[in-house]
Amino acid sequence: MMLRPRAFALEPLWARPFSIYALTPKTISFFIQVAGRGTAVLAGLEPGAPLTVWGPLGNAFAVEPEVRTLILAGGVGIAPFAAYAKSHPEPSRLSLVFGCRPPVAAYPYKEIAGIAAAEHFRERGPGDIETFIALLGERIRAFRDGLILACGPQPFLLTVKRLAREHGARLQISLENRMACGVGACLGCVTKAKVAGDSPEQAFANVQVCTKGPVFWADQIHLEGEEPWT
Amino acid sequence: MDLSVSFAGLTLKNPLLTASGTFGYGLEFVDYGDLRELGGIVVKGTSLTPRQGNPMPRVAETPAGMLNAIGLQNPGVETFLTDYLPRLPWRETAVIVNIYACDAAEFGELAGILAVEEGVAALEVNISCPNVKAGGIAFGQDPLMAAQVTEAVKKRAGNKPVIVKLSPNVTDIAALARACEVAGADALSLINTVSGMAVDVRRRKPRLANVIGGLSGPAIKPVALRCLHQARGAVKIPLIGMGGIASAEDVLEFILVGAHAVQIGTANFLRPDMSFRIARELPGACACFCVDSWESFRGSLIVEKG
Ligand SMILES: Cc1cc2nc3c(=O)[nH]c(=O)nc-3n(C[C@H](O)[C@H](O)[C@H](O)COP(=O)(O)OP(=O)(O)OC[C@H]3O[C@@H](n4cnc5c(N)ncnc54)[C@H](O)[C@@H]3O)c2cc1C
Ligand SMILES: Cc1cc2nc3c(=O)[nH]c(=O)nc-3n(C[C@H](O)[C@H](O)[C@H](O)COP(=O)(O)O)c2cc1C
Ligand code: FES
């Protein structure tokens, strides 16, 4: 969904993209981490403040009820998984590994832990990241015949993608590219994605994350900061 | 009031067009409004062959505006004609194709392909792109090159109106406007984006991978009005104004300075129904500012001579 408080006036100019955190017939909720100006304004809105909202845009994570599914979330990347876990037909097949820097209580971790097998890792100092990466590697290996879903910061996604490739696991990732129009028109949010049926030199094209994503099969996209394809 | 306008062989039900590159192919917006409410749609810059555009990041937010260096990503003219044009309501709303090429001959070739398409109402020539044969300087920065492109397109465009889109990144926009008029342009649209740059001090990097990009949005409206005013004084052909338009009152400002029509660009990113809203608000704004016909209002700016 794209959210733009009328309080933005001309500053910031663009709406900001967020995942749906919870949905009822009458309400829609977002879980928002303050990351800069736009999220700061959103966090400070008074009840009843006018907001321009459009969406939902694009796709969602795959639901495969028969398949053991591992959720990997980094920081606010946990937001889309609360609704995912709650609506999953076979939550007993779900596992979550959650990594964060602030205390875990700041995130909707418990909600998911009440439904699915869950573990969390808090990064407190240097060296912790290696331990976390080792844990991710172990879990990914254990789910190499299942389904893995990941959402989080770019370095986290790069690591998860590398580990999934090493273990031959099926992985979907949700990208958080900057968005301007949020309808697929401006081509400002694109990622390099494989396009079917093209010649090898045209194997990938720039595809809009806002409408064709944000979720992609990891082996179908080229992440920023990843080694070029061969 | 009758909101329709006729100029340069085009008849539009209202003077509102959407700006190239900010409205995709129109189809991205059909969930947010009825395309037939608009005077016309100017589609994304279209080239002879598909283009992947520039590396990411390609957009950055700036005060009251944005920078872009999309690099004219588009699927090429053939895909446009087979996959997009047939899905547009071109009988009811003018579809104007913005064209882009690396040399004058290629511009001519593109014009030739589009000239025979019933669904294409007019061509808008983007001359803000680099002329590969002239070492990469933009066609739009040199009156001679701008005239060459205009002629090349005009020669092949059949009976399609040719609109040349001017860049503000020049010393003398009046000279460019005159050169295009003499070369046969049926109308001019202005302005394209203003060359600009933004940097991130923390990461010590430019905010665009391309380093330099084009500034658009409300921040450039004064530049756009100034360019329109200078071009108005220089040529007789109709002008299409754009740059930062975000309300019906902004539309009237451009018509007051002398535009026959306007384009809405970056404002489409504030909310996807923006162009449709402005179309619905325009009659009220005309009433509010006592505008009773485009003919009497257009160019009626009162400039006191001191
Ligand atoms: C599909 C999608 C779903 C999302 N879901 C959620 C959600 O549920 N909850 C949530 O809290 N956030 C979510 N985000 C992220 C959220 O949109 C951004 O945090 C927000 O747009 C930041 O806006 P801001 O104005 O606060 O920050 P800004 O002031 O715009 O930026 C703050 C700082 O972060 C950097 N930055 C911000 N975004 C990016 C980026 N994408 N890439 C690189 N640098 C960046 C800026 O350069 C700047 O230094 C989602 C993003 C996407 C694309
Ligand atoms: C993301 C983006 C893409 C654009 N692509 C094109 C293009 O393909 N061809 C073109 O002639 N102008 C292009 N423009 C320029 C706009 O059509 C317009 O001239 C300019 O943005 C000024 O108007 P605005 O301030 O209302 O956006 C683009 C602008 C933006 C913001
Ligand atoms: S945000 Fe404009 S195309 Fe995705």
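Start by selecting Asn126(B) together with ligand 2: a polar side-chain atom of Asn126(B) sits 3.4 Å from an oxygen atom of the ligand, a polar contact (a pair of N or O atoms within 3.5 Å). Then click Lys165(B): an N or O atom in its side chain lies 2.8 Å from a ligand oxygen. On its own, ligand 2 has 610 Å² of accessible area, and the protein covers 97% of that (Shrake-Rupley method, 1.4 Å probe).

A quick word on ground rules. This is a predicted model, where local features need pLDDT of at least 70 and side-chain atom pairs count only at pLDDT 80 or more, while totals for chains, interfaces and linings use all residues. Residues are numbered from 1 along each chain as its sequence is written, chains are lettered from A and ligands numbered from 1 in the order written, and side-chain values use heavy atoms, leaving out hydrogens and water.

Next, select Leu72(A), Leu166(B), Leu188(B) and Trp294(B): these touch the most other members of the largest nonpolar core, which has 144 residues. Such a core is a set of buried (under 20% relative accessible area, 1.4 Å probe, protein chains only) Ala, Val, Leu, Ile, Met, Phe, Trp, Tyr and Cys residues joined through side-chain atoms within 4.5 Å. In chain A, domain 1 (2-54) and domain 2 (69-176) both give residues to this core, so it lies between them (bounds from an automatic or database domain assignment).

Technical notes:
Buried means under 20% relative accessible area, exposed over 50%, partly exposed in between (1.4 Å probe, protein chains only). A polar contact is a pair of N or O atoms within 3.5 Å; within protein, one must be able to donate a hydrogen and the other to accept it, and residues adjacent in sequence count only if both atoms are side-chain atoms.
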